[in-house]
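Here is a short briefing to read alongside the structure. Take a look at the sequence and the fold, then follow the notes below.

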Amino acid sequence: MKGNFIDNLPKVYGIYTGGFLAFIIIMSIGEQMGMTSKAIGICFVAFTVAIYAIIGYLSRTAQADAYYVAGRQVPTVFNGMATAADWMSGASFVAMAGGIYFKGYGYMALLVGWTGGYVLVASLLAPYLRKFGCYTVPDFIGTRYGGNLSRFLAVVVLTVASFTYVTAQINATGTIASVALDIPFQYAVYVGLISILLCSMLGGMRGVTWTQVAQYIVLIIAYLLPVFWISNKMGAGFFPHFMLADEVARIGELEQQFGFVKNAAADLKTVPKGLAGITKAHSAVNATPWAFISLALAMMMGTASLPHVMMRYFTTPSVKAARKSVGWSLFFIFLLYSSAPMLATLSKLSLIDPTLSTGIIGKSIAEVQAIDWYQNWNSANLMFVSDFNGNGTLELNEFFMGGKAVVLATPEIAGLPYVISGLVAAGGMAAAMSTADGLILAIANAISHDVYYKIIDPKAETAKRLVVARVLLVVIGFAGATIAALEIQGILGSVIWAFDFAMSGLFFPLVLGVWWKRANKEGACAGMALGLLSGLGYLIWVRNGGSGFLGITQLTFGIFGSAVSLVAMVVVSLMTSEPSAATQKMVDEVRVPSGKSILGKQH
Amino acid sequence: MSKQQQHWEKTRGLLMMTLAIWFVFSIGIFLFGAEMNEVTGPFGYPWTYWFTCQGSLGIFVILIFWFANRQEKIDEEFGFSEREDD
């Protein structure tokens, strides 16, 4: 029966995709027939979440192997889609195009970093960890280096990094649920959380895998359809990725023409919090090489250390499949990431070009304030204009927008039907939910498997282990939601920190575990503990007015943390005795794909 | 040298080559971002802008598939590849 399901995957998801497209068409007919925009938004979010919940229910399991690694039978392409959904968070979906819109080149380091990291995943880690046969990332650390301390430290790093990340995701689900369902944010956060738990609670990794594939399909349609539609509607080209060179050049011209006028501090105080103006060149190089490279490098090494991504490659049928699957993951990520700069270009041009009907720069302030979509997004606190110089005309420096508005508002500005906005909400929800699921599961699995089962009660039966795993899942979810409800950090800030934390503590212990036989327990423990502490210390120092050094900022503190981790690990390893012959033999076995995995099938 | 050592030697060689290409397109070229952006590149975009939007990203995708194929060949050569029914 199970084998049947795997064989039928293309058919199952083909029907699902067709069904989703049909649903979009039904909604647009509904819109023609006078369905309100609110009803459409509710339908989109409720319908997709209900589907995920059904998939989550159908994937329920009572087996450890299925709960922790989806039975290790997820085909490469589908694992690629699941990883892409796991990877692309609410931030990628909602905030990335906005970041590019406002910051240009300096921000695009994230695009390079968040894709380049997969080369490290494929070549340094994923196939070897798959051969190892572990359930979680700390499982690898604990078995390779031995001892409960190393296992425990790995759980600590994993929890710090993933928890930082997950609050941002629950926050994003809450934001979208509160807008689409029109309920207060404090409650919407818990609606989001319950949707997330519906996917993962019963089926663990198996449930998350099959819902993530479904979520990928929704989010990629929701991202690409508007980009292509807007581009065609504006007459910018039917395939925007290859045809926007003129538009990019035109933005450069307009920037020259308008100039970047600096606003007085007193004027800026009147702008609502969270909104920004266009102050940086769109396609010109506006950051120093080191600022760009250090951010890209931090994101790449962070990618290779984030446990919720790594554990997706534990679910493939073989080592070979794990490698290929990384390629597919990046391909599916590429589809969205390469579209974000195009959306930013279209969005910016449609707003600032006075020769376009949608352009608002150069129009009178009163005229802009009378536009429907301006009023909508102004009341949603995502758009703002003000006549600083009192000439009655809107200048480039007098127009402010929230980062999310690029994705959320551009369809409306370009005059697309409301059904697209509903679709985008469903896509954002899918992106945030899938990432939150992966993260919560990574934390709960690490604590239930590595702390509870491996350290506290090694004799626990499967049924009991899975109860503990599920209880932890709910507890961690609620803890995340509670913190998300406090709204401490913006979505993107905490996402980037998660990468820095992960690379500070885990990058070198993971990589050297495979590539350096001499690495031992003492070295790994020192690397994890000192790496995480020094990274955290640096962050606190810079946050409290510290000047930092070598141009390492609060967004790239992982570079410092991981450097300390590397030095500590090498020095301490060399000062203590080399690993036992059994451990060295284990490393040899990890390095060849054939033969049995190091850890048995059930462990 | 044992079969296993030879296999690892080759695997390490492939890793170095992969990381070298990765380094060029994730870090190397951006040392010259400002200069490179003066020149018009693919589809009429400035070179640096194109690399950050599509170029580097696409090269990474191809690089991983290329790496996976090469590694499979190495594994086969030394008889270390997995059985299909595994």
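In chain B, what share of the contacts with a separation of 6 or more comes from residues 24 or more positions apart? Such residues account for 54% of those contacts. Please keep in mind that this is a predicted model.

**Chain B on its own**
- Chain B has 3 helices and 0 strands, and from the N terminus its elements follow the order α-α-α.
- Its radius of gyration is 18 Å, whereas a compact globule of 86 residues would have one near 12 Å.
- The C-alpha trace of chain B covers about 50 × 30 × 15 Å along its principal axes.
- Of the 86 residues in chain B, 36% count as buried.

**Chain A on its own**
- Chain A contains 27 helices and 3 strands.
- The radius of gyration of chain A is 24 Å, close to the 25 Å that the globule rule gives for 603 residues, so chain A is as compact as a globular protein of that length.
- Along the principal axes, the C-alpha trace of chain A spans about 80 × 55 × 40 Å.
- Buried residues make up 58% of the 603 in chain A.
- For contacts in chain A between residues at least 6 apart in sequence, 83% link residues at least 24 apart.

**Where the chains meet**
- At the interface, 40 residues of chain B are in contact with 41 residues of chain A.
- On the chain B side, helix 1 (3–26), helix 2 (33–36) and helix 3 (47–77) each supply at least two residues.
- Helix 3 of chain B gives the most to that side, with 18 residues.
- By class, the side of chain B that touches chain A has 22 nonpolar, 14 polar and 4 charged residues.

Methods:
Residues numbered from 1 in each chain as written. Chains lettered and ligands numbered in written order. Predicted model: local features only at pLDDT ≥ 70, side-chain atom pairs only at ≥ 80, totals over all residues. Helix = DSSP H or I, 4+ residues; strand = E, 2+ residues; numbered from the N terminus. Rg over C-alpha atoms; globule rule 2.2 N^0.38 Å. Buried ≥ 20, exposed ≤ 12 C-beta atoms within 10 Å, placed from the backbone. Contact = placed C-beta atoms within 7 Å. Nonpolar A, V, L, I, M, F, W, Y, C, P; charged D, E, K, R; others polar.
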